[in-house]
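Below is a short report on one protein model, meant to be read beside its sequence and coordinates. It moves from strands to sheets, then to cores, domains and the chain contact.

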There are 2 protein chains.
Amino acid sequence: MVIVQKYGGTSVANVERIRAVAERVSKTAKQGNKVVVVVSAMSGETDKLIGLANQISPNPGEREMDLLLSSGERVTSALTAMAVESLGHKALAFTGRQMGIITDAVHTKARIEKITGERARKALDEGYVIVVAGFQGITEKDDVTTLGRGGSDLSAVAIASALDADLCEIYTDVDGVYTTDPNIVPEAKKLEKISYEEMLELASLGAKVLQTRSVEFAMKYNVPVVVRSSFNDNPGTLVTKEDKEMEKVVVSGVAYDKNQAKITVMGVPDTPGIAARLFRGIADSSIIVDMIVQNISSDGNATDISFTVPKTDSKKTLKLTEGIAGELKAKGVNLREDTAKISVVGVGMRTHSGVASQMFDTLAKHGINIMMISTSEIKVSCVIESKYTELAVRVLHEAFGLSS
Amino acid sequence: MVIVQKYGGTSVANVERIRAVAERVSKTAKQGNKVVVVVSAMSGETDKLIGLANQISPNPGEREMDLLLSSGERVTSALTAMAVESLGHKALAFTGRQMGIITDAVHTKARIEKITGERARKALDEGYVIVVAGFQGITEKDDVTTLGRGGSDLSAVAIASALDADLCEIYTDVDGVYTTDPNIVPEAKKLEKISYEEMLELASLGAKVLQTRSVEFAMKYNVPVVVRSSFNDNPGTLVTKEDKEMEKVVVSGVAYDKNQAKITVMGVPDTPGIAARLFRGIADSSIIVDMIVQNISSDGNATDISFTVPKTDSKKTLKLTEGIAGELKAKGVNLREDTAKISVVGVGMRTHSGVASQMFDTLAKHGINIMMISTSEIKVSCVIESKYTELAVRVLHEAFGLSS
């Protein structure tokens, strides 16, 4: 089998951890597998480099930022290859370029365009373990790019796809994907399997196990991904295509996100093009809007528009929105930062009704007011007051039978 | 003018130092020059990375070592480019590869084969300041190489040559090249000018201002090099072709090297091929032998051979030599580590006699015994007991009129 193993920052945090990674790689190779390892920077390194850049310049150039940040993964790829070699294997460290990871030229959040991988295929056939520096690629013009936060997950999945790997293992510091955060609900259970769609909702909802784009990529190219811990031998969670069995479970997990602020524009004249004008203005500032809800206001001639943005962008968004609201002759703008988003996710919802109403009932029964609602085929999300977050997670986990 | 400026580890040691470098670069660019900056890793970084590698493996692979070590210079090139940009210039950070530095495949001490430099020439014409990561290149097969300790000096000189630069400035933490170590002789004077040949002798004699290979390269391609401090605006020392004026000075400097151990093989049968056998054995272990002296022994049928090696290699060399001495039926091997090498250097020696005898006289007058002597056209070196090092430097500096 060809197996891609990706190790995150905490898994390569120091010499001892890198040795442990090498032991696991060695074991996998000795079982007769061709192994490609993808590594992140040692935990803390990327933030340290960003800190240096910000001290140097308030607005560091993105091309130079990529050159800077890519160095962290190069260090771990070299060290990990040395560690694997010291266990008696042949090993080669590859940069993103040497792996043939070609990206577009959108620095600091480049997209992978193709992976040539010729040299890797040859080296694997010659019996080498390959250790690739994650998070990075190269443009057609020969400049180094990085793939954005969590980009090493994407490197691993894309490499697995390019090399037709049988499995892509993502090693992290948790045992897999849980029905909810075990810190809030001790009875939370590890899922044996989860569909790409569900994982995608969970990833974007703040359960930071896998980077969103890597899940999209895995889904698109049907790469089987296992999320597991590098600190033990537990089997982890398989992220794969939806199957019959998964549909039997109505709700697979309860997720929460405390990093959402809610902005409401009140009394907007109800004419076409208003929402477009508002959200174009926000999008132009590269602020990511998550939920959007629009209601007719009480007097019937005007409308209230509410939406959520990451809390880090809330002040900037408020200022921007106030400007646009003035142009639109709206009555006012209101920001709430004491908010959180709670979501229940499950592919079973497609064939089962009543999930939304059960969710609303459960929250109501515990006196939790709902400020916004948004739904998709496999998800129901509510914005609530953030002080109720833990309570909401606990009662929903219980209500949907995940605690038993 | 095209000017190459190289900044060493202490000159880019932290954010403040990098900002100071950027100010100097900016000033040079504003005077209408095209500027190429070559940077080392922040001081301490390379040693930190070597330390990590040695913790991982007693024998880290050299290809991976190069990938590892090259990351330090990439970090500073990116940060320095950001700093230059923040002062209102256009700047581009280049890796060794992007600069087109092609080397052979002798990892950790690669030799530069050529520098294509096309992209750099184009960028300079477009008004960019270029900041190159020193110390590194790339093989024809696309693997990263490093140029050995002090390799950034070589990068700078080679780039200056490839771009037909008018000047190559090497910025360091001292003001230039001195007649001797000012820590020992406070009256030591900074030289305004020195010939490549003299600099070469001084560099290899332990006056660690410029890396030896970079001086060889500058001499071969006639690159004018200025050594100066990044901590002030003093003019520095110009390293250039020998001229008439230089020949007037008999001795330009007094150098010392405390890192030499002396090994003597006693009573070697005086037959052809003996020295070859001995030194081939040592060279095969990549140990660099500096001075070699052979004398007939007292009984006339055997010979004593003495040589010096770096102290770090002395134990290994002793063991090796004892083995070979046994084969050669020598009487014994003796190691002395309490030794130092003192040298006087000057192109004027070519046309002035009596330098050697004046040196021996001066040492004798102060009761310093000479253990070995070696001479070249422009240098006389003596091995003495190391406890006399400072005394010898002082009295020779005085005797050759360098203190006045």
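Strand 1 (residues 2–7) of chain A is mostly covered, with five of its six residues buried. Buried means that 20 or more other C-beta atoms lie within 10 Å of the residue's own; exposed means 12 or fewer, and partly exposed falls in between, with C-beta atoms placed from the backbone. Strands (E, at least two residues) and helices (H or I, at least four) are DSSP runs, numbered from the N terminus.

This is a predicted model, in which local features need pLDDT of at least 70 and side-chain atom pairs count only at pLDDT 80 or more, while totals for chains, interfaces and linings use all residues. Residues are numbered from 1 along each chain as its sequence is written, and chains are lettered from A and ligands numbered from 1 in the order in which they are written.

**Strand pairing**

Strand 1 of chain A has parallel partners in strand 2 (residues 34–39) of chain A and strand 9 of chain A. Two strands pair if DSSP finds at least two bridges between them. Strand 9 (residues 167–172) of chain A is largely enclosed by the rest of the structure, because five of its six residues are buried. Strand 9 of chain A also runs parallel to strand 11 (residues 225–229) of chain A. Strands of a sheet pair through backbone hydrogen bonds, either parallel or antiparallel.

| Strand pair | Sense | Bridges | Residues standing opposite |
|---|---|---|---|
| Strands 1 and 2, chain A | parallel | six | A:Tyr7 and A:Val39 |
| Strands 1 and 9, chain A | parallel | five | A:Val4 and A:Cys168 |
| Strands 9 and 11, chain A | parallel | five | A:Glu169 and A:Val226 |

**The eight-stranded sheet of chain B**

In chain B, eight strands form an open sheet in the order 3-6-2-1-9-11-12-10, with mixed pairing. Strand 3 (90–94) and strand 10 (193–195) of chain B stand at the edges. Each has a single partner strand, so one side of each is left without a neighbour in the sheet. The twist averages 20° from one strand to the next. Angles run from 0 to 180 degrees between N-to-C directions, and axes are lines fitted to C-alpha atoms, for helices over the stretch in contact.

Strand 11 (residues 225–229) and strand 12 (residues 237–240) of chain B pair in the antiparallel sense over three bridges. There, B:Val227 has B:Thr237 as its bridge partner. Helix 3 (residues 62–85) of chain B packs on the sheet. This helix touches strand 2 (34–39), strand 3 and strand 6 (128–133) of chain B, and its direction makes about 160° with that of strand 6. Contact between two residues requires their C-beta atoms, placed from the backbone, to lie within 7 Å.

**The four-stranded sheet of chain B**

Four strands of chain B form an open antiparallel sheet in the order 13-18-20-19. Strand 13 (253–257) and strand 19 (370–376) of chain B are the edges; each has a single partner strand, so one side of each lacks a neighbour in the sheet. Strand 18 (residues 339–345) and strand 20 (residues 379–385) of chain B pair over seven bridges. B:Val345 is bridged to B:Lys379. Helix 12 (residues 355–365) of chain B lies across strands 18, 19 and 20, at about 20° to strand 20. Helix 13 (residues 389–399) of chain B touches strands 13, 18 and 20, and makes about 15° with strand 18.

The largest nonpolar core has 223 residues, and A:Ile159 and B:Ile159 have the most contacts inside it. Such a core is a set of buried Ala, Val, Leu, Ile, Met, Phe, Trp, Tyr and Cys residues joined through C-beta atoms within 7 Å. This core draws at least three residues from each of domain 1 (2–173) and domain 2 (243–404) of chain A. The domain bounds come from an automatic or database assignment. The C-alpha centres of these domains lie 36 Å apart.

**Contact between the chains**

26 residues of chain A are in contact with 26 residues of chain B. Helix 3 of chain A gives the largest share of the chain A side, 12 residues.
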